[in-house]
Amino acid sequence: MKQLLFFIFFFSLLNLFGQKNYFLKDSFTQESIPFAKVKPAGATPFLADIDGVFSVGNDILNVEIKTSGYRDTLVYLANCANNIIFLQPTIQNVKEVMVTAGENPAHRIIDKAIANRKLNNPMENDAFQYESYSKFIFDINREEIDRVVAQKGDTTLSKIQEFLDQQYLFMLESASTRTFIPPARDKEEITAYKVSGFSDPMLSTFANEMQSFSFYENQVQLLGKNYINPIAFGGTNRYLFILQDTTVVGKDTTFTLFYRPRKGKNFEGMTGQLYINTNGYAIEKVIASPYSDTLTNKVKIVQEYAFSNGKKWFPSKLSTEIIMSSLNFSPQLKQTFLEGKGSTYIKNVSFDLDPESKKGFDNVSVTTSDEAGEVKDEIWDSLRIYSITEKESRTYKVIDSISKANHLDRRLAALKILTEGKIPLGYFNIDISRLINFNLYEGYRFGGGLETSKKLMKPVVIGGYVAWANRDKVWKYGAYSTIHLYRKKGIKLDLRYQDDVMERGGVGFQKDLFSLTGTAMYRNLFMKYMDHQRLAEAVFSANIKSNIKVNVGGNFQRIWFNSGYQFKQLDDNNQSFSISQTDVAEASLEFIWNIRERVMQLGDQRISKGTVYPKIRFKVAKSLPGFYSAQFDYTRLNIDIQQDIPILALGKFAWCLSGGQTIGDVPLFLQQVGNGTGRQWNLSVKNTFETMAPGEFYHTRQAGLFTRMEFTKFKTNAKWNEPQIVLHHAIGYGEMNLKSSHNLTFQSMDKGFFEGGLILNNVIVSGFSGIGIGAFYRYGSYSSTDAIKNLYLKLSVSFN
């Protein structure tokens with residue numbers, strides 16, 4: 001009997017002092033709510049953990065829950081089904097306040113967070129390694145569909161509703177291992193990825209590219225766009241901060257602060273909440289969304305940090321929510337959106353790395369392992385933080401079967417080909433860039449280009465083209481082949497033969513990848529003097545490193561001079577004679593170095609992550625006189641250095657130094673043409689002389705410095721208008737030897753060429769592009785005495 005009484009008493013104590021776990025969830029999204037403030041009745045308040053879980057003793061009857069973005073809730077724990085507490089979201093409008101008595105208490109906290117920013121930045125001070133697991137799901141906002149089905153019983157929408165009940169639209173998972181040694185050695189390997197409906201490794205980094213890894217850099221990236229960090233230096237001058245809550249947990253205190261840009265401040269800002277812990281005044285959690293963004297897609301991020309290994313605060317979970325533009329698949333639906341939600345979980349963080357180790361690091365910051373797309377289900381079970389639900393599992397099965405039936409993998413491959421400027425047609429691709437072009441010499445140039453696709457021959461491309469222009473009325477044609485020896489290292493051999501026209505004195509850098517935003521495409525519109533060229537060439541290319549490329553080539557050219565140009569020479573008897581055609585053979589070396597550029601190597605696909613450091617391009621071409629019928633002895637040098645420098649809160653400063661020299665007495669075709677695009681009401685082209693007429697200047701040696709200060713765009717209430725002021729300035733200098741050898745009149749920049757300009761970009765914005773207007777003025781020795789003739793008005797096109 002005594003033993004029975006003892007056990008009854010013992011279990012009574014367990015029931016009295018035992019602990020129960022409770023789970024906080026959003027009543028609408030069913031997502032966990034981390035770091036909510038929990039105040040048990042008669043006890044000290046504390047914060048729920050990163051997954052929205054908290055524990056209280058069985059003697060606690062009720063708790064009060066408070067967290068930003070949700071209604072304050074008093075919960076009687078006995079009423080909680082399955083220990084789940086649902087919180088109702090609410091919208092908070094926080095107005096700016098004027099603090100008149102003393103200092104804003106939020107500023108003291110933010111100033112300390114800013115002062116400790118470098119110490120707490122995970123990308124500073126300590127080497128680290130971690131493993132991560134990411135999951136991202138896309139689905140359709142169901143509210144409007146459910147409303148229409150309930151009211152009208154639409155059959156089509158009922159089927160969509162039934163489909164969405166059983167699976168999501170799209171889902172992907174990935175796992176990776178990342179190693180970082182400051183200041184810049186960074187390597188992340190995608191060890192596993194799984195994408196519903198697709199197998200292309202290009203999608204393996206999707207979840208990781210949604211936002212910046214940490215919230216400590218001067219600028220934070222959301223969906224590829226940069227926003228100024230509220231805890232960047234000068235944060236209290238740019239942002240309004242309001243202290244919303246204070247929570248004491250043990251020896252530490254967590255401050256909850258609301259933030260948004262101050263009124264009248266013009267910069268790309270964010271709004272949300274910062275949770276600052278007094279342990280190092282580090283970020284414990286942050287919620288951020290773009291403030292008054294005109295983009296159609298809306299995004300919100302949540303970053304959560306944990307004090308790792310008793311050493312420092314480190315990201316533990318990165319969450320992203322996207323609401324994409326409205327879907328109009330039924331006229332009965334008013335507002336239906338594509339929603340994306342995902343999280344990256346960071347685990348097994350280690351700081352025990354050799355800070356001097358260089359093994360395994362290069363400029364490839366992200367790679368996909370060869371076996372990453374073929375990971376077995378049992379391995380996935382060990383990688384996941386939580387087991388996938390039946391709905392998620394069904395998503396893979398259903399979307400994979402839909403993809404297989406509709407050849408979605410093949411369509412994605414076709415889309416990738418389109419981004420390269422090609423139209424896929426099964427075994428062949430059409431070259432979009434050759435369909436129609438324009439320049440001042442040829443006028444409108446019509447043509448067509450066809451090449452083999454990977455479907456016919458994966459390592460080899462064979463192509464050809466024809467073209468005809470309405471001004472010179474001459475047919476052009478060419479053939480080429482690219483043999484890819486090792487795609488991952490960019491090792492290839494390019495062969496080409498063409499009978500075409502080339503700019504007189506133009507720079508002969510190897511052709512860049514297709515780009516609608518590149519300067520070269522628009523610069524080519526202003527080619528005024530061109531000569532007929534028959535060319536046979538071979539170029540061997542390789543990436544020495546991921547950011548260093550070398551092209552080694554050789555060619556033979558036969559050149560016929562156009563527009564009545566002739567080149568004067570002296571014979572053995574010192575008698576002058578003129579030629580209108582010549583043969584040239586040359587060997588060349590081209591060196592391309594994008595300093596500290598980071599790239600992702602996803603399968604055979606190389607994707608640049610950009611660089612804020614200079615990009616250098618240098619080419620030397622040496623003639624081979626006596627080879628076959630080659631005549632001239634010369635060396636031709638060209639260099640181009642560009643850099644875009646972000647300036648916090650102001651915008652971006654861009655500069656380009658371009659120069660060239662020809663050593664030897666040669667025709668204008670092999671000299672250096674001034675980079676002029678000066679024509680009234682034409683396009684403004686970056687890194688060119690906007691007031692210099694095409695073909696106005698020629699040189700033996702020349703240099704030009706082009707600078708632009710692009711200020712932050714002005715915020716307006718109109719979605720079609722986002723004006724941006726740009727200041728332009730350019731100077732040039734050049735010399736020309738033996739001008740008398742040429743029967744054309746032209747100038748050289750011996751006295752220096754100078755111009756300035758003011759551009760107003762994005763007067764009209766549509767989608768990702770904008771149109772503006774610019775005014776440019778030529779001054780100095782080559783300006784006109786008539787001031788109005790020095791003024792050029794031009795249109796600007798920008799891509800956002």
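Modeller: Let's start with helix α4 (residues 143-152) and helix α5 (residues 155-166): their axes come within 9 Å and cross at roughly 135°. That makes α4 oblique to α5. This is a predicted model, where local features need pLDDT of at least 70, side-chain atom pairs count only at pLDDT 80 or more, and totals for chains, interfaces and linings use all residues. Residues are numbered from 1 along each chain as its sequence is written, and side-chain values use heavy atoms, leaving out hydrogens and water.

Colleague: How do I read "axes" and "oblique"?

Modeller: Axes are lines fitted to C-alpha atoms, for helices over the stretch in contact, with angles from 0 to 180 degrees between N-to-C directions. Under 35 degrees is roughly parallel, over 145 roughly antiparallel, 65 to 115 roughly perpendicular, and the rest oblique. Helices (H or I, at least four residues) and strands (E, at least two) are DSSP runs, numbered from the N terminus.

Colleague: Which residues in α4 meet α5?

Modeller: Contact means heavy atoms within 4.5 Å. Here Ile145, Asp146, Val148 and Val149 in α4 meet Leu157, Ser158, Ile160, Gln161 and Leu164 in α5.

Colleague: And what makes two rings a pair?

Modeller: Rings of Phe, Tyr and Trp (its six-membered ring) pair if their centres lie within 6.5 Å; planes under 30 degrees apart are stacked, over 60 edge-to-face, the rest tilted. By this rule there are 33 aromatic pairs. Phe138 and Phe170 have ring centres 6.2 Å apart and planes at 45°, so they are tilted. Phe138 sits in strand β8 (residues 128-140) and Phe170 in strand β9 (residues 170-181), so the pair ties together parts 32 residues apart in sequence.

Colleague: Is Phe138 buried or exposed?

Modeller: Buried means under 20% relative accessible area, exposed over 50%, partly exposed in between (1.4 Å probe, protein chains only). Phe138 is buried, at 9%.
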